[in-house]
Amino acid sequence: TKDALLLKYDSAGKILFAKSWGQTSEDEATCLAMDNDKNIYISGRTSNFASREGAIFLNKYNAIGQLQFQRIWDGNNSETASSLARTTSGLYVCGETRSYGIGETDMLTLKYSAEGALLWAMTWGTTAADVPYGIAADGADNVYLVGESNAISSADIAVISLNSSGN
């Protein structure tokens, strides 16, 4: 089995805390972000809390490592988180879904409030496999996804821009 692991070090390299998350199946953290209050957000894929192959999890820890919330986003097939971005209006989880959208895999963006409420979910894709690799935010609360689309030829670059409402 695998569990997600979060380690916090001080400036001298001493471990301040170590937190593991998961149960008997595979749970892996693939990305993290921090906010101005030193809260830590980790996201990834869980098999323990999934209805089928895998679900996206989002956990928030405070500055001393206490779990503040745990959120699961699941579908009827498989979901995986690949990156996180934090803005003043919320937290964005970028990943891929095999449960929603129109293709084999589609890019997925989830927006959560700082308190963990899901504000919206959006997919982008073609009938082919579309895979996200990263997400970044600007100062105006816009987010940009970068990934790969295989609709026209193999491995075309896809760049998607979204405002804070998901448009």
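These legends walk through several close-up views of a predicted model.

The model is predicted, so local features need pLDDT of at least 70 and side-chain atom pairs count only at pLDDT 80 or more, while totals for chains, interfaces and linings use all residues. Residues are numbered from 1 along each chain as its sequence is written, and side-chain values use heavy atoms, with hydrogens and water left out.

View 1. The protein chain has 13 strands and 0 helices. Both are DSSP runs numbered from the N terminus (helices are H or I, at least four residues; strands are E, at least two). The radius of gyration, taken over C-alpha atoms, is 16 Å, close to the 15 Å that the globule rule gives for 167 residues, so the chain is as compact as a globular protein of that length. That rule is 2.2 Å times the number of residues to the power 0.38. Along the principal axes, the C-alpha atoms fill a box of roughly 50 × 40 × 30 Å. Of the 167 residues, 47% count as buried; buried means under 20% relative accessible area, exposed over 50%, and partly exposed in between (1.4 Å probe, protein chains only).

View 2. Strand β1 (residues 4-9) pairs with strand β2 (residues 15-21) in the antiparallel sense over 6 bridges. Two strands pair if DSSP finds at least two bridges between them. Tyr9 has Ile15 in β2 as its bridge partner. There are 5 residues between the strands, and in this hairpin Gly13 takes a positive phi near 90°.

**View 3. Ser83 sits in strand β7.** This strand covers residues 79-87. Ser83 counts as buried, at 9% relative accessibility. Its side chain reaches the backbone nitrogen of Ile135 at 3.1 Å. Leaving aside neighbours within four places in sequence, Ser83 is in contact (heavy atoms within 4.5 Å) with several residues, among them Cys31, Tyr92 and Gly134.

**View 4. Trp73 and Tyr100 form an aromatic pair.** Rings of Phe, Tyr and Trp (its six-membered ring) pair if their centres lie within 6.5 Å; planes under 30 degrees apart count as stacked, over 60 as edge-to-face and the rest as tilted. By this rule the count comes to 3 aromatic pairs. The pair of Trp73 and Tyr100 is tilted, with 5.1 Å centre to centre and 50° between the planes. It links distant parts of the chain, 27 residues apart: Trp73 is in strand β6 (residues 67-73), and Tyr100 is in the loop between β8 (90-97) and β9 (106-112). Trp73 is buried, with a relative accessible area of 12%, whereas Tyr100 counts as partly exposed at 37%.

**View 5. Three strands make an open sheet.** The order is β11-β12-β13, with antiparallel pairing. The edge strands, β11 (130-137) and β13 (156-162), each pair on one side only. Strand β12 (residues 143-149) is joined to β13 by 7 bridges. Val146 stands opposite Val159 in β13.

**View 6. Two loop residues have a positive phi.** Most residues other than glycine have a negative phi. Lys38 is not a glycine, yet its phi is positive at about 70°. Lys38 lies in the loop between β3 (27-34) and β4 (40-46) and is exposed, with a relative accessible area of 51%. Asp141 is not a glycine either, and has a positive phi of about 65°. Its place is in the loop between β11 and β12, where Asp141 is buried, with a relative accessible area of 12%.

Technical notes
A polar contact is a pair of N or O atoms within 3.5 Å; within protein, one must be able to donate a hydrogen and the other to accept it, and residues adjacent in sequence count only if both atoms are side-chain atoms.
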